Amino acid sequence: MSETAQTTADRRAGGRIYLDKQHPAAYQALVKTADAVRAAAAEAGLDRILVELVNLRVSQLNGCAFCLDVHTRAALRAGETTRRLGVLAAWRDTELFTARERAALALAEATTHPADALAQERAYAAAGEVLDSAEISAVIWAAITINAFNRVSILSKHPVREADAR
């Protein structure tokens, strides 16, 4: 087997190629985008918990187990509670999230499902009442970025292993 074929074979999980390993420069560009988005969010005044809620909600919608694992741990490290994480999928039906968080979550959902124009307009309008332009932009960029990571992990079938639970 050639070196390239062997390398590709070594990077398969469940019959899939690890996209991040197959084209590391492309993946690193995505990581740099995430770094820039994290900086933009901080500059806009969005706290880490709100950004992690966006990451988690988008990952829930996309069914990305790997990203859910990574960002649940990140949210907990940032000080998020297990109670709020447990009800995040039903955030609209609780009183546990602030108006800013609700606006960010609605924008994240509208970004993840952009074909729903009515939901997008409603989310944008509601966000405009509690978030400024920089915050709205940062939330949308966070949702765009985690959507991209979700696709990489889902299509690569990145595993969630017990050893990773640290």
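What distance should the 14 residues of helix α5 span at 1.5 Å a residue, and how far apart are its end C-alpha atoms?

**View 1. Helix α5 in the predicted model, seen along residues 65-78.** Just after α5 comes Gly 79, which takes a positive phi of about 110 degrees.

**View 2. The contact of helix α7 (residues 99-112) with helix α8 (residues 117-130).** The axes of these two helices come within 9 Å and cross at roughly 155 degrees, and because angles over 145 degrees count as roughly antiparallel, α7 is roughly antiparallel to α8. The crossing is left-handed. On the α7 side the contact includes Ala 103, Ala 106 and Leu 107, while Ala 123, Tyr 124 and Val 130 are among the residues of α8 that take part. The residues of this contact divide into 11 nonpolar, one polar and one charged.

**View 3. The packing of α4 and α9.** Here the axes lie 9 Å apart, and the helices pack at an angle of about 45 degrees, which means that α4 is oblique to α9. The crossing of α4 past α9 is right-handed. Among the residues of α4 in this contact are Leu 50, Val 54 and Asn 55, and those of α9 include Ile 146, Asn 147 and Arg 151. Sorted by kind, the contact residues are eight nonpolar, five polar and one charged.

Methods: Residues are numbered from 1 along each chain as its sequence is written. This is a predicted model: local features need pLDDT of at least 70, side-chain atom pairs count only at pLDDT 80 or more; totals for chains, interfaces and linings use all residues. Side-chain values use heavy atoms; hydrogens and water are left out. Helices (H or I, at least four residues) and strands (E, at least two) are DSSP runs, numbered from the N terminus. The expected span of a helix is 1.5 Å times one less than its number of residues. Axes are lines fitted to C-alpha atoms, for helices over the stretch in contact, and angles run from 0 to 180 degrees between N-to-C directions. Angles under 35 degrees count as roughly parallel, over 145 as roughly antiparallel, 65 to 115 as roughly perpendicular and the rest as oblique. A crossing is left-handed if the near helix is turned anticlockwise from the far one by less than a right angle, and right-handed if clockwise. Contact means heavy atoms within 4.5 Å. Ala, Val, Leu, Ile, Met, Phe, Trp, Tyr, Cys and Pro count as nonpolar, Asp, Glu, Lys and Arg as charged, and the others, Gly among them, as polar.
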